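This report goes through selected strands, helices, single residues and the ligand site of one structure. Please keep the sequence and the 3D view at hand while reading.

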Amino acid sequence: MYKLTEEGLKYLKKGLPEINLVKKLKERELKFADAKKLENFNIALQWAKKNNWIKIEKGILKLTEKGEKATKEKYKIEELLNKVAKNELSEEEVRILSKRNLIKKEKEIRMERKEILNLTPELLKTGLWREVKFKKYNVEVPGKKIYPGKKHPLNLIIEKIREIFVEMGFKEINGPLIETAFWDMDSMFIPQDHPAREIQDTFYLSGKGDLPDKDLVDKVREIQEKGGKTGSIGWRIKWNPEIARQLLLRTHTTAVTYRKFARGIEIPSKYFCIGRVFRNEEADSTHLPEFHQAEGFIAAEGLNLRSLMGFIKEFYSKIGIEKIKFKFAYNPYTEPSLEAFGYSEKMKRWIELINSGIFRPEALAPYNIKVPVIAWGLAVERLAMFVFEKKSIKEILGHTCDLKDLRQYDILKVEKW
Ligand code: PHE
């Protein structure tokens, strides 16, 4: 048994494309360019030419004499399409229709139509939907993965840090990336011969910046050289303003804290800063020449080391880091200084999280700050490594981040904060 293919069925209902074309051309001639837009035009053209029904003159499609008569006579293919259902086709007729792919053996058609998954407008229009078998939906097949837009993990951490500080009553401050050595170092009692000032640690820029007003510069000079009225003897080296004017990429956000000190702070007060810093360091799994620091300080009567440790514990517990260990450290501007480490249960190791301390009197006197100031600075990328369990900073900052990773990190884990 032969049955009409989808194409055959369509032509039976709508007419053959070449006949439809002839009918159109009988109404009026058509520009080739316009005719092209007709449905099934290529098929129509092919058969109408074969039958010698049309000609093209100067881009215009016209009927030939034979074409004029075409619709008056019976068109063989049309007749044959009508005969399919009655099963009266001769072998020759089967050949003609098969060649044009208008009929197929019933079995083949069933095979072809077996796998249909969706009801399409074509199936509805041609009525073929009655003949096809629809494939059952398998609702257990995993769907295609969709990656919605997500914030970069580093930004998530930065936002979280900001949220915690604000929630704890801190105000945000900011400062320039390009600094003078004065604000980055001298202002906080870092001696001018300190090794961290060397070019292997600091990125210097050509050119010099301006120093702040003379009054402050004189106070800093006095403290640096002799310790001022703090009881300290100072660094005992001649302070050179030219070294202080040197431009550099800020090595820490403590420069921002000191600009704030110079503008004046209320007592008590709490401030924080989050920003990029630069250090001329070899890149390795925990270091890059640039990264972000989150810095903060609290100035208030009665603060001590306990307050500092308490603050650090409180801060990290808000991120879900409970196991904290402290170690004494050294900074030229804080005394005592503390480093804190957090234990990562997942990675089974202690990770350095924060550097902190209580500012030395020499680092506060030029700003007329008479109460204790506890302060800290943390590397944001380190914290991100901790939270996202990454072994390398390169997976957190910059073009070395793995895009696949960024697309599919578990946002819920972070959101449970
Ligand atoms: N500036 C220190 C650093 O870069 C952090 C710090 C800030 C330490 C304030 C003590 C006080 O590591």
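## Strand E15 and its partners

In this predicted model, strand E11 (residues 290-299) and E15 run antiparallel and are joined by seven bridges. Within this pair, Gly296 stands opposite Trp376 in E15. E15 also pairs with strand E14 (residues 349-359), again antiparallel, through five bridges. Here Asn355 is the residue opposite Gly377 in E15.

How many residues of strand E15 (residues 373-379) are buried? Seven of its seven residues are, and the strand is described as mostly covered. In a regular strand the side chains alternate between the two faces of the sheet. Both faces of E15 are covered: Val373, Ala375, Gly377 and Ala379 are buried on one side, and Ile374, Trp376 and Leu378 are buried on the other.

## Ligand site

The ligand has 14 residues around it, of which Thr254, Arg279, Gln293, Tyr333 and Asn355 come nearest. Asn355 is also the residue that stands opposite Gly377 in E15. An N or O atom in the side chain of Asn355 is 2.9 Å from an oxygen atom of the ligand.

Arg279 places a polar side-chain atom 2.8 Å from an oxygen atom of the ligand. For Tyr333, a polar side-chain atom lies 2.8 Å from a nitrogen atom of the ligand. The ligand taken alone exposes 320 Å², and the protein buries 94% of that.

## Sheet E2-E4-E3

Three strands form an open, antiparallel sheet in the order E2-E4-E3. Strand E2 (30-31) and strand E3 (54-57) are at the edges with a single partner strand each, so one side of each has no neighbour in the sheet.

E3 and strand E4 (residues 60-63) run antiparallel and are joined by four bridges. In this pairing, Lys62 in E4 is the bridge partner of Lys55.

The buried residues of helix H1 (residues 6-14) include Gly8, Leu9 and Tyr11. Seen down the axis of H1, its buried residues fall within an arc of 165 degrees, so they line one face of the helix. Gly15 follows H1 and has a positive phi, near 95 degrees.

In H6, the residues Ile77, Leu80, Leu81 and Val84 are buried. Viewed down the axis of H6, its buried residues lie within an arc of 105 degrees, so they too line one face of their helix. The buried residues of H6 pack against E1, H1, helix H7 (91-99) and strand E5 (103-105).

## Leu102

Leu102 lies in the loop between H7 and E5. Is this residue buried or exposed? Leu102 is buried, because its relative accessible area is 0% and the cut-off for buried is under 20%.

Leaving aside neighbours within four places in sequence, Leu102 is in contact with Lys3, Leu4, Thr5, Glu7, Gly8, Tyr11, Ile77, Leu81 and Leu97. Among these, Gly8 and Tyr11 are buried residues of H1, while Ile77 and Leu81 are buried residues of H6. Leu102 and Lys238 are 136 residues apart in sequence, and their C-alpha atoms are 101 Å apart in space.

## Leu123

Leu123 is buried, with a relative accessible area of 4%.

Not counting residues up to four places away in sequence, Leu123 touches Ile116, Asn118, Leu128, Trp129, Val132 and Phe134. Leu123 and Ile158 are 35 residues apart in sequence, with a C-alpha to C-alpha distance of 55 Å.

## Glu362

Glu362 is found in helix H16 (residues 361-364). With a relative accessible area of 6%, Glu362 is buried.

Which polar contacts does the side chain of Glu362 make? One, of 2.8 Å, joins it to the side chain of Ser232. Another, of 3.0 Å, joins the side chains of Glu362 and Arg360. Ser232 is also one of the residues that Glu362 touches when those up to four places away in sequence are not counted.

Notes:
Residues numbered from 1 in each chain as written. Predicted model: local features only at pLDDT ≥ 70, side-chain atom pairs only at ≥ 80, totals over all residues. Heavy atoms only, no water. Buried < 20%, exposed > 50% of the residue type's maximum accessible area, 1.4 Å probe, protein only. Helix = DSSP H or I, 4+ residues; strand = E, 2+ residues; numbered from the N terminus. Pairing = 2+ DSSP bridges. Arc of directions from axis to C-beta. Near = heavy atom within 4 Å. Polar contact = N/O pair within 3.5 Å; in protein donor to acceptor, adjacent residues only side chain to side chain. Areas by Shrake-Rupley, 256 points an atom, 1.4 Å probe, with all protein chains shown as cover. Contact = heavy atoms within 4.5 Å.
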